[in-house]
Amino acid sequence: MLLVEGDEKRPIRGHQRAPSGSREFKELTKRDAQVQLQHELDRLLGSAPEAHRALAQGQLDGFARLFDRFLRDEGPSVQWENIERLPENAVCDYNSLVQPSTDLARCMLEKLVVVKLNGGLGTSMGCHGPKSVIPVRSDLTFLDLTVQQIEHLNKTYKANVPLVLMNSFNTDEDTQKIIRKYKGLQVEIYTFNQSCYPRINRDSLLPVPKTCNVNENMDAWYPPGHGDFYYSFLESGLLRRFLEEGREYCFISNIDNLGATVDLNILNFLMDPSSGEPAPEFVMEVTDKTRSDVKGGTLIQYEGKLRLLEIAQVPKEHVDDFKSVKTFKFFNTNNLWMKLDAIKRVLDNNTLNMEVIVNNKSLENGLNIIQLETAVGAAMKCFDGGLGINVPRSRFLPVKKTQDLLLVMSNLYSLQHGSLVMSPERMFPTTPFIKLGDNHFAKVKEFLSRFANIPDLMELDHLTVSGDVTFGKNVSLKGTVIIIANHGDRIDIPSGSVLENKIVSGNMRILDH
């Protein structure tokens with residue numbers, strides 16, 4: 001740059017910056033972001049009480065590693081053209097598995113640990129506290145049903161399968177109070193907390209919290225996804241404890257998946273020494289994709305290894321290919337079976353590598369933030385002998401919305417020792433497709449107020465309800481039923497109604513006299 005002053009020309013040397021599109025500029029920017037972040041993390045650590053400083057140090061170091069990965073990740077984590085066809089033996093058919101004898105089952109169960117991911121809140125369904133304490137059937141919560149399942153297993157096989165809950169700072173205190181009521185039952189319950197990371201201002205890339213006191217500003221912190229399981233499980237001391245007890249496998253699933261029960265056929269497959277093959281270190285339960293599941297993660301073969309592919313990793317121009325049921329037949333249920341000694345090896349060797357998920361959110365005060373997360377299934381590629389098992393749809397019964405709650409509360413299922421079992425009267429193996437309007441049905445309390453009792457869904461294929469709609473007692477829904485109350489209208493379905501392949505719209509009030 002030249003400055004002309006009279007006839008004299010002299011160069012002015014200012015702060016020299018690399019061109020903004022260059023690699024050098026990007027590296028400088030990243031380095032700057034990292035230096036600033038580390039400075040802020042050190043300041044946060046300085047605010048931690050002495051008694052909690054070591055824990056805070058470990059968690060902030062873990063966050064710094066995740067942030068470093070976030071800065072280094074450029075472009076999609078998979079090259080679309082390098083995705084390989086799944087090998088013939090990559091996904092095993094559940095129907096080919098063998099049921100073990102009672103004695104063998106007992107021996108195998110002594111080597112198993114059940115882990116439930118219990119970090120989520122029920123806020124999206126209008127409930128306070130952990131999602132696991134929402135009543136889902138006969139006034140029993142997700143946690144009640146899980147404990148019943150494990151107790152029944154232990155009593156039936158005279159085994160001692162422990163239940164481990166991975167809580168978050170959001171759910172731990174409430175969960176600790178609740179699990180006291182299970183003390184007299186034949187279930188050993190352990191808990192540990194996943195990490196607590198600072199949310200990041202999207203514009204400045206600096207931490208939102210000003211001190212390490214989480215309770216002071218809970219909105220400024222977040223649990224970093226279930227991929228945090230590995231480090232947190234190790235840090236809790238439970239991994240070492242279970243290995244010393246001679247445990248070999250853990251079965252991990254979301255606590256809101258009511259189909260994720262301990263399956264003895266899968267356990268037998270994992271531990272069967274007669275196969276002559278090395279035991280698989282990581283098994284992912286997958287099930288056939290339907291139109292409800294097009295966004296769910298899927299199994300792919302990539303660089304010679306099985307791995308999980310999530311929609312967030314897919315280049316925009318290939319999203320439709322990813323959603324295709326023909327191209328990718330399976331999706332991940334997040335029911336995972338892992339060898340405990342393999343988890344320890346991967347952590348000891350520092351070979352755990354999971355894609356960073358960038359979750360954009362806005363806080364109530366309008367601040368745009370990002371939270372960096374990882375998914376537990378994404379670690380599959382770090383293990384040897386990864387495998388998929390194509391399980392029946394009945395093993396994937398998540399309750400994410402009230403429309404899922406309608407299914408599990410209905411006569412489609414009966415409750416047996418904490419497990420939901422599809423009624424033999426249902427003529428189709430699949431569950432009905434249900435869509436309830438968010439404005440009137442999203443919150444559990446409002447949802448329940450709209451049904452005098454849960455309708456008969458035994459012969460239902462498809463239900464869409466939108467607007468201000470209520471249901472009387474003993475309503476039966478069959479085939480395809482669509483009920484739409486437009487804005488300002490209300491529809492009351494009379495008690496005893498049978499709606500079969502019907503579209504109901506307009507305004508229909510039933511007045512009590």
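Which residues does aspartate 256 touch, not counting residues up to four places away in sequence? In this predicted model, the residues touched by aspartate 256 are Lys131, Phe142, Leu397, Pro398, Val399 and Lys400. Aspartate 256 itself is placed in the loop that runs between strand E13 (249-254) and helix H8 (264-271), and with a relative accessibility of 7% it counts as buried, because buried means under 20%.

Among these partners, lysine 131 deserves a separate look. The side chains of aspartate 256 and lysine 131 make a polar contact of 2.8 Å. Lysine 131 belongs to the loop between strand E5 (112-118) and strand E6 (135-137), and it too is buried, its relative accessible area being 11%. Leaving aside neighbours within four places in sequence, lysine 131 is in contact with Gly120, Leu121, Gly122, Met125, Phe142, Asp256, Val399 and Lys400. An unreviewed UniProt entry lists Lys131 and Asp256 under "binding site", together with Gln194, Gly225 and Lys400.

Leucine 258, once neighbours within four places in sequence are set aside, is in contact with Val136, Phe142, Leu145, Gln149, Leu397, Val399, Val408 and Leu420.

Since tryptophan 80 sits in the loop between helix H2 (53-72) and strand E3 (83-84), and phenylalanine 328 in the loop between helix H9 (319-323) and strand E17 (330-339), the pair ties together parts that are 248 residues apart in sequence. Both tryptophan 80 and phenylalanine 328 are buried.

Phenylalanine 251 and tryptophan 337, by contrast, form a stacked pair, 4.2 Å centre to centre with 25° between the planes. This pair links strand E13, which holds phenylalanine 251, with strand E17, which holds tryptophan 337, across 86 residues; phenylalanine 251 is buried at a relative accessible area of 0%, and tryptophan 337 counts as buried at 0% relative accessibility. One aromatic cluster is formed by Tyr190, Phe192, Phe229, Tyr230, Phe233, Phe242, Phe282 and Phe383.

Charged groups also meet rings: lysine 289 lies over the face of phenylalanine 322, at 4.9 Å from the ring centre, and arginine 450 lies over the face of phenylalanine 441, at 5.6 Å from the ring centre.

Technical notes:
Residues are numbered from 1 along each chain as its sequence is written. This is a predicted model: local features need pLDDT of at least 70, side-chain atom pairs count only at pLDDT 80 or more; totals for chains, interfaces and linings use all residues. Side-chain values use heavy atoms; hydrogens and water are left out. Contact means heavy atoms within 4.5 Å. UniProt positions are given in the numbering used here, feature names are shortened, and annotations may be inferred rather than shown by experiment. Helices (H or I, at least four residues) and strands (E, at least two) are DSSP runs, numbered from the N terminus. Buried means under 20% relative accessible area, exposed over 50%, partly exposed in between (1.4 Å probe, protein chains only). A polar contact is a pair of N or O atoms within 3.5 Å; within protein, one must be able to donate a hydrogen and the other to accept it, and residues adjacent in sequence count only if both atoms are side-chain atoms. Rings of Phe, Tyr and Trp (its six-membered ring) pair if their centres lie within 6.5 Å; planes under 30 degrees apart count as stacked, over 60 as edge-to-face and the rest as tilted. A charge sits over a ring if NZ of Lys or CZ of Arg is within 6 Å of the ring centre and within 35 degrees of the ring normal.
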